[in-house]
Amino acid sequence: GETVPLKVISFYGGSFQSEEKFRENGRPAALTVIFRLGGEEKERFTVELEDAMKPNYLELNQAVSCDSLDIQINAVYPGSRYEDTAVTEMAFYKSK
């Protein structure tokens, strides 16, 4: 894959269809993001996510050059109706 200097990752945890769907489905509460380059781990960050229907951000002090990521869900906010864990979107921003 292409090597990219990532600076910010946004997480939209949960279902963003409606406030009701957001609460019914499980949402990530904590994530570990592992940055890899050529298969080797370069950096690792743990992110605590707010339980709100808005994006959460991992903003790095310095960009990390990587060609792949591992994202692990470490903890969840349980849904009131479903046992799944929903993620609506993630976006990745590289440094200029």
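1. A word on terms before we start: helices (H or I, at least four residues) and strands (E, at least two) are DSSP runs, numbered from the N terminus. Read that way, the elements of the chain follow the order β-α-β-β-β-β-β from the N terminus on, with 1 helix and 6 strands. The C-alpha trace spans about 40 × 25 × 20 Å along its principal axes.

2. Please keep in mind that this is a predicted model: local features need pLDDT of at least 70, side-chain atom pairs count only at pLDDT 80 or more, and totals for chains, interfaces and linings use all residues. Residues are numbered from 1 along each chain as its sequence is written, and side-chain values use heavy atoms, with hydrogens and water left out.

3. An open sheet is formed by 3 strands in the order 4-1-6, with antiparallel pairing (two strands pair if DSSP finds at least two bridges between them). Strand 4 (56–66) and strand 6 (87–94) stand at the edges with a single partner strand each, so one side of each has no neighbour in the sheet. On average, neighbouring strands here are turned by 20° against each other, direction ignored; the axes behind this are lines fitted to C-alpha atoms, for helices over the stretch in contact, and angles run from 0 to 180 degrees between N-to-C directions. Strand 1 (residues 4–13) pairs with strand 6 over 7 bridges in the antiparallel sense, and serine 10 stands opposite alanine 91 in strand 6.

4. Buried residues make up 32% of the 96 residues in the chain (buried means under 20% relative accessible area, exposed over 50%, partly exposed in between, with a 1.4 Å probe and protein chains only). The largest nonpolar core has 12 residues, including Leu6, Phe11, Val33 and Leu60. A core here is a set of buried Ala, Val, Leu, Ile, Met, Phe, Trp, Tyr and Cys residues joined through side-chain atoms within 4.5 Å. Strand 1, strand 2 (27–37) and strand 4 each supply at least two residues of this core, and strand 4 gives the most, with 4 residues.

5. Salt bridges deserve a look of their own: a search of the whole structure finds 8 (a side-chain nitrogen of Lys or Arg within 4 Å of a carboxyl oxygen of Asp or Glu). In one of them, aspartate 51 and arginine 23 have their closest N and O atoms 3.2 Å apart. Aspartate 51 lies in the loop between strand 3 (40–48) and strand 4 and arginine 23 in helix 1 (residues 19–24), so the pair ties together parts 28 residues apart in sequence. Aspartate 51 is partly exposed at 25% relative accessible area, and arginine 23 is partly exposed at 34%. A network of salt bridges links Glu19, Arg23, Arg27 and Asp51.

6. Arginine 81 forms a salt bridge with glutamate 24, the closest N and O atoms being 3.8 Å apart. This pair links distant parts of the chain, 57 residues apart, with arginine 81 in the loop between strand 5 and strand 6 and glutamate 24 in helix 1. Arginine 81 is exposed, at 57% relative accessibility, whereas glutamate 24 is buried, at 8%.

7. Finally, aspartate 70 and arginine 36 meet in a salt bridge at 2.6 Å, N to O. Aspartate 70 lies in strand 5 and arginine 36 in strand 2, so this pair ties together parts 34 residues apart in sequence. Aspartate 70 is partly exposed, with a relative accessible area of 28%.
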